[in-house]
Amino acid sequence: MKQVIMGNHALSFGAMISRVQVIAAYPITPQTQVVELLSELCADKRLDAEFIKVESEHSAMAACCGASAVGARTFTATSAQGLALMHEMIHWAVGGRLPVVLGNINRAMGPPWTIWTDQNDSLSQRDTGCLQFYAQSNQEVLDTVVQAFKVSEQILLPSMVILDAFALSHTSEVVDVPDQKLVDEYLPPFNPRYILDPKEPHTFGGLTGPDGYYELRYKIEEAIQDSKRLINETGKEFGELFGREYGLVEKYKLDDAEIVLIASSTIASTARVAIDELQEEGKKVGLLRVRVFRPFPSEEIRELLVNRKKVAVIDRNISFGHGGIFAQEIKSALYNCKDKPPIWGYITGIGGRDVTVEHIKEIVNDTIKSEKPEQDILWKGVKL
Amino acid sequence: MIEIRVHGRGGQGAVVASKALAIAVASEGRYVQSFPEFGVERRGAPVYAFTRIDDKEIYVRSKIYNPDHVVVLDPTLIEAIDVTEGLHKGGWILINTTKKPGDFQEFCKDFRVATVDAYNIAIKYKLGPKASPIVNTAILGAFSKISGVVSLDVLLKGIKEIVPIKPEENAQAATEAYNSVNFKEE
């Protein structure tokens, strides 16, 4: 059924149609409506789930880990400082091999106090082993929650479904909430091989010496590498059932492009309009959207970027002391390739600074005009 | 693509007006975006809400800087802020006021001006408290008439879907505003 809903509610409805069984969450701007709607859905029994009220995000993820360990499908949502507080327990979900799905509204980190979007909160979780999906529309938010459960439960690792504060979280648009029967067909109940069960006691995450820990880490990497195939397969299967296909990356007018623009989240959505206009002006430019950041789609990046003339990456984030994080990852994926293109790493839109079509066109035109990237970090729109 | 900016004061229902319009338009199979000014709202302070409408999927996700039309829920905002900022030449500016379009000479040069007494219509249908009636649904009726962006029938469906109480009264208020809006026919 088509509805006009905000991105936050797309997350809640995504959890509902995934038939989550336990939700533990703590409200934080700009995520609050996710929790509000989920608690309503639980209260009026549209969703048969246990809603656990907690006193912090750390406890929210801890409760999700516990519930996941006994075999429940679990969901939580947070943002910025809340995600940072959850950090320890995200490591727990990964190490405990617990497929919790977490919605994160990208909000810049304070201080100074802020509620607007950038990606530093979720990218600070880069090395935990939690999968990261960056959505560009409310429809994709809802669809990705369902796919994230399907992928996570096969590889036993948690997933993060990420959307921009305000640009999606508080923007209402048409979302097709799919038929429950069809979703049930796509996403079978969570049925893990090992669960916490007092009748058959096991220890999870107990002390493990150097003899075993190393191999457990190897297994996590093996699983997350395998998720690349799974994400593409489940995204394709989703397309067959629901008419909307997804993958690790999305190509837009890329075939004959000499210059490739790379972006994520809502900037990638706005960038489509910029690409249309630039192509009309006769410029050979195309767009590559990175939808999944962990696992990083290195193979796709190599296949799509080798032999291109130039690459411009837009980062709405900054790793202080080094630069834009997507740009770093793309450079690292290409390093051992022959005929790799030079990469211009632009930073923009930090702290929710608006990114317009004109802004993106300027970035592409600057890339066309310059012979080589003058600096590792190319700041756009800083007013000093 | 049509871009609309709604001006109100916090608590007047600018966001609901923007969303009711979006729901109505979406029910016809068109694409919409409805969003508030990104940030925090305070009761009584000037607030904004935005609607984008198109026949094809909308990809642009920046804010709206050059609206095609502007709707003003509170006439005192005209003194406080520039409600026509960025407004396209020839675009509609619809104001909730007892005054007539000709009283807004400063806008008549570049824009099409329409006025509607949404306060008294809202009071008549007991929408909100008498001291601060909720005018958002009435003014949408007037907007439907002048802009033709959405038909009255379709708009009423959207209004009934979103208002928390008194759906019939809200629909009647919109209809009365539709029939009583002051503007120059073209």
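Two strands pair if DSSP finds at least two bridges between them. In this predicted model, 2 bridges join β8(A) to strand β2 (residues 31-36) of chain B, and these strands run antiparallel. The contact between the chains draws on 22 residues from chain A and 19 residues from chain B. About 1700 Å² is buried between chain A and chain B.

**Buried area**

- Carbon and sulfur atoms give 61% of the area buried between chain A and chain B.
- On the chain A side, the most area is lost to chain B by A:V4, A:S172 and A:D354, which together make up 27% of what that side buries.

**Strand pairing and polar links across the interface**

- A:E173 has B:Q33 as its bridge partner in β2(B).
- A:E173 also forms a salt bridge with B:R61, with the closest N and O atoms 3.1 Å apart.
- The salt bridge count between chain A and chain B is 1.
- Between chain A and chain B there are 11 residue pairs in polar contact, counted with both residues at pLDDT 80 or more.

**Chain A side of the contact**

- Sorted by class, the side of chain A that touches chain B has 10 nonpolar, 9 polar and 3 charged residues.

**Salt bridges in the whole structure**

- Over all chains, a search of the whole structure finds 35 salt bridges.
- One of the pairs is A:E250 with A:R272, whose side chains meet at 3.1 Å, N to O.
- This pair links distant parts of the chain, 22 residues apart: A:E250 lies in strand β9 (residues 249-252) of chain A, and A:R272 lies in helix α9 of chain A.

**Chain B fold and dimensions**

- Chain B has 7 helices and 6 strands.
- Read from the N terminus on, the order of elements in chain B is β-α-β-β-β-α-β-α-β-α-α-α-α.
- Chain B has a radius of gyration of 15 Å, which agrees with a compact globule, because a globule of 186 residues would have a value near 16 Å.
- Along the principal axes, the C-alpha atoms of chain B fill a box of roughly 40 × 40 × 35 Å.

Notes
Residues numbered from 1 in each chain as written. Chains lettered and ligands numbered in written order. Predicted model: local features only at pLDDT ≥ 70, side-chain atom pairs only at ≥ 80, totals over all residues. Heavy atoms only, no water. Contact = heavy atoms within 4.5 Å. Buried area = accessible area lost by both parts, 1.4 Å probe. Salt bridge = Lys/Arg side-chain N within 4 Å of Asp/Glu carboxyl O. Polar contact = N/O pair within 3.5 Å; in protein donor to acceptor, adjacent residues only side chain to side chain. Nonpolar A, V, L, I, M, F, W, Y, C, P; charged D, E, K, R; others polar. Helix = DSSP H or I, 4+ residues; strand = E, 2+ residues; numbered from the N terminus. Rg over C-alpha atoms; globule rule 2.2 N^0.38 Å.
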